Amino acid sequence: MNIQEMHIGVGLGIQKVNSNAFDSFIDEEIDYYLNKAQREYVRRQNVFLKENVENLSRPDKIATSEAAENLGGLINFSTLSEIDESEISDNSVDVDISNLNMFQYIYATAQLNDANGKWVSCKLISPHEIHIYSQAEYNDPLFRRLPLLITKDKFVIFYDTNTTDIHELNLLYIKKPETLSLVSETPVNSDLPEHTHDEIVDLAVNMILGDLKVAGPTQHEQQSIPKER
């Protein structure tokens with residue numbers, strides 16, 4: 001469905017529960033909730049994708065999964081081979097990802113720059129885990145999977161004592177979805193597959209109704225509530 005049909009779906013969903021509430025929403029607000037719902041839908045599908053990756057001996061076969069079908073063209077594969085040697089330190093390398101338009105990470109494998117050209121999978125870590133994977137006088141780790149930290153515009157990949165350099169990185173990721181808009185000069189539709197749009201609309205409706213419940217009744221609704229006698 002196009003963006004106008006998604007707006008209609010949101011309106012119908014809200015009116016089923018709270019007929020007075022929909023009249024107070026402007027198009028910009030519905031755009032906001034549809035975009036919020038779309039991002040949440042993508043995040044949920046990525047959870048399923050990562051579960052599949054853990055169970056696959058060949059993650060490139062992930063395209064056969066239901067979650068991959070739901071995400072469609074948002075799933076991208078990229079090979080990063082131009083690794084700046086100036087970004088290599090004693091125990092890590094920085095890989096620029098500023099041009100990828102990445103929304104969420106799925107999976108990565110790194111080819112070591114050694115005689116065998118061995119490929120090693122990467123393990124996503126959080127900032128508070130860095131001290132565990134950093135080489136130090138008291139810490140000389142060996143990694144089955146190379147730790148990978150995501151910052152704003154780069155990956156930081158940590159080495160162990162058997163890894164000296166990375167030749168290239170194969171990356172599977174989800175790109176940022178289009179920002180839905182009915183109010184822009186040219187309306188912007190969702191770039192997710194058609195069969196996902198109903199679920200996104202339902203998510204948007206639930207988010208709106210949830211926020212209305214938290215906010216409580218409006219002044220008009222309060223005035224219309226009869227007092228107990």
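For me, buried means under 20% relative accessible area, exposed means over 50%, and partly exposed is in between, with a 1.4 Å probe and protein chains only. This is a predicted model, in which local features need pLDDT of at least 70 and side-chain atom pairs count only at pLDDT 80 or more, while totals for chains, interfaces and linings use all residues. Residues are numbered from 1 along each chain as its sequence is written, and side-chain values use heavy atoms, with hydrogens and water left out.

**Entry 1: the parts list**

I looked up the elements and found 6 helices and 7 strands in the chain. Helices (H or I, at least four residues) and strands (E, at least two) are DSSP runs, numbered from the N terminus. Reading along the sequence, I wrote down the pattern α-α-α-β-β-β-β-α-β-β-β-α-α.

Next I checked the surface: the chain exposes about 13,800 Å², and carbon and sulfur atoms supply 47% of it. These areas come from the Shrake-Rupley method with a 1.4 Å probe; for residues, only the protein chains shown count as cover.

I also looked at contacts, meaning heavy atoms within 4.5 Å. Among those between residues at least 6 apart in sequence, 71% join residues at least 24 apart.

**Entry 2: the sheet**

In what order do the strands of the open sheet stand? I traced 7 strands in the order S1-S7-S3-S4-S5-S6-S2, with mixed pairing. S1 (75-80) and S2 (92-96) stand at the edges with a single partner strand each, so one side of each is left without a neighbour in the sheet. Neighbouring strands of this sheet are turned by 25° against each other on average, direction ignored. The axes behind that angle are lines fitted to C-alpha atoms, for helices over the stretch in contact, and angles run from 0 to 180 degrees between N-to-C directions.

Then I went through some strand pairs; two strands pair if DSSP finds at least two bridges between them. A reminder to myself: strands of a sheet pair through backbone hydrogen bonds, either parallel or antiparallel.

- S1 and S7 are antiparallel over 6 bridges, and Thr79 stands opposite Asn170 in S7.
- S3 and S7 are antiparallel over 9 bridges, and the partner of Tyr107 in S7 is Leu172.
- S3 (residues 102-112) and S4 (residues 119-124) are antiparallel over 3 bridges, and Ala110 stands opposite Val120 in S4.

Is S7 mostly covered or mostly open? I found it mostly covered, with 8 of its 10 residues buried.

**Entry 3: the cores**

I looked for nonpolar cores, which are sets of buried Ala, Val, Leu, Ile, Met, Phe, Trp, Tyr and Cys residues joined through side-chain atoms within 4.5 Å. Which members of the largest core touch the most other members? Of its 30 residues, they are Val10, Leu34, Leu49, Ile174 and Leu192. The elements giving two or more residues to this core are H1 (3-17), H2 (27-54), H3 (66-71), S3, S7 (166-175) and H5 (197-215). H5 gives the largest share, 8 residues.

I followed up on Ile174. Leaving aside its neighbours within four places in sequence, Ile174 is in contact with Val42, Asn46, Leu49, Leu71, Leu74, Met102, Phe103, Gln104 and Ile106. A second, separate core has 27 residues, including Ile125, Phe155, Val156 and Tyr173.

**Entry 4: the rings**

How many aromatic pairs does the structure hold? I found 3. Rings of Phe, Tyr and Trp (its six-membered ring) pair if their centres lie within 6.5 Å; planes under 30 degrees apart count as stacked, over 60 as edge-to-face and the rest as tilted.

Tyr32 and Tyr33 are edge-to-face, 5.1 Å centre to centre with 80° between the planes. Tyr32 is partly exposed at 46% relative accessible area, whereas Tyr33 is buried at 10%. Ring pairs link Phe25, Tyr32 and Tyr33 into a cluster.

Tyr105 and Phe155 are edge-to-face too, at 6.1 Å and 85°. Tyr105 lies in S3 and Phe155 in S6 (residues 154-158), so the pair ties together parts that are 50 residues apart in sequence. Tyr105 is buried at 6% relative accessible area, and Phe155 is buried at 0%.

Most residues other than glycine have a negative phi. Asn101 has a positive phi of about 55° although it is not a glycine. I placed Asn101 in the loop between S2 and S3, and noted it as partly exposed at 41% relative accessible area.
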